[in-house]
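This report describes parts of one protein model for a reader who has not seen it before. Please look at the sequence and the structure first.

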Amino acid sequence: YSTQLVLLNMLGLYFADILGTVSAKEYAEMVDELLRLPAKMEQILEHTDDIKHYASNYFNHNSVFFIGRNLDYAMGLEGSLKLKEISYIHSEAYASGELKHGTISLIEDGTLVVALGTYAPLFDKAMSNVVEVQARGADVLALTTESHAAEMRKTVENVITVPESHTIFQPSLGVVPLQLFAYYVALLRGCDIDKPRNLAKSVTVE
């Protein structure tokens, strides 16, 4: 997932440069930020204690919902998929803006909701969705950037943070703790992470 994401970002930058939809300065800055991603990922991998702690708190949940807006929603789809694949917990990702179209009816006391708030342009709206699910009794685990952590902690007790990056590259960082969370939850549930049940690396039948 991570390598495909970076590859698509590189292709997008390449075409943007050819078509002239970004300036030379913007292009150089974005390439520079792309090259900084590995070091920022290392920062996340060096500080996994919080993720392990939250995994130990939530590994017994039978159902988990991921919510996010824009790129956070796409990131939530990956986080949810990884969790269900290797821990066998029922998990779904929903676009936060669609919550009131039916999804919010699934939230009840103690429901674990992983709220994603790394997409800076819509952070305030993401926070309003956090308040909505908390009002229905959800237990919220939030993921946001370091610059928004203080604001998030005004509402949510359990918060995971990631370093800042350009908006379009932020999912490359945000997905790392989501994948680690799934990994540690699966470990605590005694699942075979290397050989998840019923899954194959390649599909050979239609």
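Asn70 sits in the loop between β1 and α4; helices (H or I, at least four residues) and strands (E, at least two) are DSSP runs, numbered from the N terminus. The model is predicted, so local features need pLDDT of at least 70 and side-chain atom pairs pLDDT 80 or more, while totals for chains, interfaces and linings use all residues. Residues are numbered from 1 along each chain as its sequence is written, and side-chain values use heavy atoms, without hydrogens and water.

Most residues other than glycine have a negative phi, and most peptide bonds are trans. Asn70 has a positive phi near 55°.

The table gives accessibility classes: buried means under 20% relative accessible area, exposed over 50%, and partly exposed in between (1.4 Å probe, protein chains only).

| Residue | Relative accessible area | Class |
|---|---|---|
| Asn70 | 43% | partly exposed |
| Tyr183 | 35% | partly exposed |
| Tyr184 | 14% | buried |
| Asn198 | 79% | exposed |

Helix α4 covers residues 71-87 and has 17 residues. From first C-alpha to last, α4 reaches 24 Å, close to the 24 Å expected at 1.5 Å a residue; the expected span is 1.5 Å times one less than the number of residues. Buried residues in α4 include Asp72, Met75, Leu83 and Ile86. Among the elements that cover the buried residues of α4 are β1 (63-68), β3 (112-117), β4 (139-145) and α7 (170-188), where contact means heavy atoms within 4.5 Å.

Strand β4 is largely enclosed by the rest of the structure, because six of its seven residues are buried. β3 and β4 run parallel and are joined by six bridges; two strands pair if DSSP finds at least two bridges between them. Leu112 has Asp139 of β4 as its bridge partner. β4 also pairs with β5 (residues 158-162) in the parallel sense, over five bridges, and Leu141 stands opposite Asn158 in β5.

Arg197 lies over the face of Tyr88, at 3.9 Å from the ring centre. A charge sits over a ring if NZ of Lys or CZ of Arg is within 6 Å of the ring centre and within 35 degrees of the ring normal.
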